Amino acid sequence: MGRLIYSMITSLDGYAVAAEGSLGSAAEDPEVHTFVGDAFRDVGTYLYGRRMYETMTYWETADADPDLPPHIAQYARDWQATDKVVYSTTLKEVSSARTRIERTFDPEAVRRLKAESDHDLTVDGPTLAAQAIRAGLVDEYHLFVTTSVVGGGIRFFPDDVRLDLDLVEEHSFTNGLISARYRTR
């Protein structure tokens, strides 16, 4: 049975999407990017909303660039090897292999997907993740916390949910970013 993992870069004040600008530097750091690639290499399925999917399709062809650093090319190959489910009412077609569109988020279908999977799954994007959190589907939370306070935006955790979590791993990077992985009790 696969675990459902929700992971994103967040600001120090808890936002996964900033109201204005970026969340600060993080993923472009080679140390951080290598860590993320290693942490999620065994994921078998990504669950995306349309906006996150459109951002991530960069990885479909990124490894064609011969000048990419090896850790970036490896991340692209790992992403290409996974299944992707995109939840969207507006997306007409997908632009990556191993990808399908679902028009609605069905918690029971995700439960079945977890039960039938030999690999972990991730839910990416705070809006889609909020639905999975409210349905009690998320097994682990992996936050990559930047050193920036952004003052507003879309929060990593939905406001209307209480969660009690156990810290299972933490790591700090030389650029000040902190990785914190929590498991649902």
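In the predicted model, 8 strands form an open sheet of mixed pairing, in the order 5-4-3-6-1-7-10-9. Strands (E, at least two residues) and helices (H or I, at least four) are DSSP runs numbered from the N terminus, and two strands pair if DSSP finds at least two bridges between them. Strand 5 and strand 9 (165-172) stand at the edges with a single partner strand each, so one side of each has no neighbour in the sheet. From one strand to the next the twist averages 20°. Strand 7 (residues 140-145) and strand 10 (residues 178-184) run antiparallel and are joined by 6 bridges; Phe144 stands opposite Ser179 in strand 10.

Helix 1 packs on this sheet, touching strand 1 (4-10), strand 3, strand 6 (120-124), strand 7, strand 9 and strand 10, and its direction makes about 170° with that of strand 7. Helix 5 (residues 126-134) lies across strand 1, strand 3, strand 4, strand 6 and strand 7, at about 145° to strand 1. Axes are lines fitted to C-alpha atoms, for helices over the stretch in contact, and angles run from 0 to 180 degrees between N-to-C directions; contact means heavy atoms within 4.5 Å.

The largest nonpolar core has 24 residues, and Phe40, Tyr46 and Trp59 have the most contacts inside it. Such a core is a set of buried Ala, Val, Leu, Ile, Met, Phe, Trp, Tyr and Cys residues joined through side-chain atoms within 4.5 Å. Helix 1 (30-40), strand 3 (43-49), helix 2 (50-56) and helix 3 (70-80) each supply at least two residues of this core, and helix 3 gives the most, with 5 residues. A second, separate core of 21 residues includes Tyr87, Leu121, Ala132 and Tyr141.

In helix 3, the buried residues are Ile72, Ala73, Tyr75, Ala76, Asp78 and Trp79, where buried means under 20% relative accessible area, exposed over 50% and partly exposed in between (1.4 Å probe, protein chains only). Their cover includes helix 1, strand 3, helix 2 and strand 4. Residues up to four places away in sequence aside, Trp59 touches His33, Ile72, Tyr75, Ala76, Trp79 and Gln80.

Arg98, in the loop between strand 4 (83-87) and strand 5 (99-102), has a positive phi of about 60° although it is not a glycine. At 46% relative accessibility, Arg98 counts as partly exposed.

Residues are numbered from 1 along each chain as its sequence is written, and side-chain values use heavy atoms, without hydrogens and water. Local features need pLDDT of at least 70 and side-chain atom pairs count only at pLDDT 80 or more, whereas totals for chains, interfaces and linings use all residues.
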